[in-house]
Amino acid sequence: MATKNLLLSAAVLLSVLAIAAAAAAASAATTSCQPGMAIPHDPLRGCRRYVLRRACGLAAGGRLYDWSLKERCCRELAAVPAYCRCAALAYFMDGASEGRLLEDLPGCPRETQRGLAAMLTTPGECNLETIHSGPYCLELTDREMPKY
């Protein structure tokens, strides 16, 4: 009987420790996903032109889709650690303290741009892992997203 109680107590203690370790790791990932830490000071700057062309049809020189812009954007996003990619996209979309990278433009509202930016990690775009163990930022795509 004493052995059973000891084993049960050990199992409960291990469970509590595992939960505490997971919470601490999640907290550390959240606090390090700040510009200047795991996210560059000026994250995803190259994605702005790609998002404008792809989501809004704004093209220079008549080319609507430019693979080099997409490759640059995907390289910048791939350089951000997987656990911070969603935070980097959120910052890119809404939080740039020096001024937003995504702005309302004539015929192209910011929400349209946000729709594509939220999908940059998905298979149809850069296909990159995130903190959610797949190519999705669940907190950014919790509403119906437009198809591009």
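Modeller: Helices here are DSSP runs of H or I, at least four residues long; strands are runs of E, at least two; both are numbered from the N terminus. The model is predicted: local features need pLDDT of at least 70, side-chain atom pairs count only at pLDDT 80 or more, and totals for chains, interfaces and linings use all residues. Residues are numbered from 1 along each chain as its sequence is written, and side-chain values use heavy atoms, with hydrogens and water left out.

Colleague: How do you know that the span of helix α3 agrees with its twelve residues?

Modeller: The expected span is 1.5 Å times one less than the number of residues. Helix α3 covers residues 67–78, so it should span 16 Å. Its end C-alpha atoms are 16 Å apart, which agrees.

Colleague: Which residues of α3 are buried?

Modeller: Buried means under 20% relative accessible area, exposed over 50%, and partly exposed in between, with a 1.4 Å probe and protein chains only. In α3 the buried residues are L69, K70, C73, C74 and L77.

Colleague: What makes the buried residues of α3 line one face?

Modeller: The arc is taken over the directions from the helix axis to the C-beta atoms. Down the axis of α3, the buried residues fall within an arc of 130°, so they line one face of the helix. W67 and R75, on the other side of α3, are exposed.

Colleague: What makes R72 and E76 a salt bridge?

Modeller: A salt bridge needs a side-chain nitrogen of Lys or Arg within 4 Å of a carboxyl oxygen of Asp or Glu. The closest N and O atoms of R72 and E76 are 3.3 Å apart, so the pair meets that limit.

Colleague: Why are R72 and E76 separated by about one helical turn?

Modeller: They sit four residues apart in helix α3. An α-helix has 3.6 residues a turn, so residues three or four places apart point the same way. R72, at 37% relative accessible area, is partly exposed; E76, at 22%, is partly exposed too.

Colleague: How many salt bridges does the structure hold?

Modeller: Three. One of them joins R114 and E111, with closest N and O atoms 3.8 Å apart. These two are three residues apart in helix α5, so about one helical turn separates them. R114 has 12% relative accessible area and is therefore buried, while E111, at 43%, counts as partly exposed.

Colleague: What makes the pair of E125 and R54 a link between distant parts of the chain?

Modeller: Their side chains meet in a salt bridge at 3.2 Å, N to O. E125 is in the segment after α5 and R54 in helix α2 (residues 47–56), 71 residues apart. E125 is buried because its relative accessibility is 9%; R54, at 25%, is partly exposed.

Colleague: Why is G115 called buried?

Modeller: Its relative accessibility is 0%, so G115 counts as buried. G115 lies in helix α5 (residues 110–117). From G115 to L140 is 25 residues in sequence and 8.8 Å in space, C-alpha to C-alpha.

Colleague: How do you know that T121 counts as buried?

Modeller: T121 has 0% relative accessibility, and therefore counts as buried. T121 is in the segment after α5. Its side chain reaches the backbone oxygen of P135 at 3.2 Å. With contact meaning heavy atoms within 4.5 Å, and neighbours within four places in sequence left aside, T121 touches residues including L77, R85, L89, P135 and Y136.

Terms used
A polar contact is a pair of N or O atoms within 3.5 Å; within protein, one must be able to donate a hydrogen and the other to accept it, and residues adjacent in sequence count only if both atoms are side-chain atoms.
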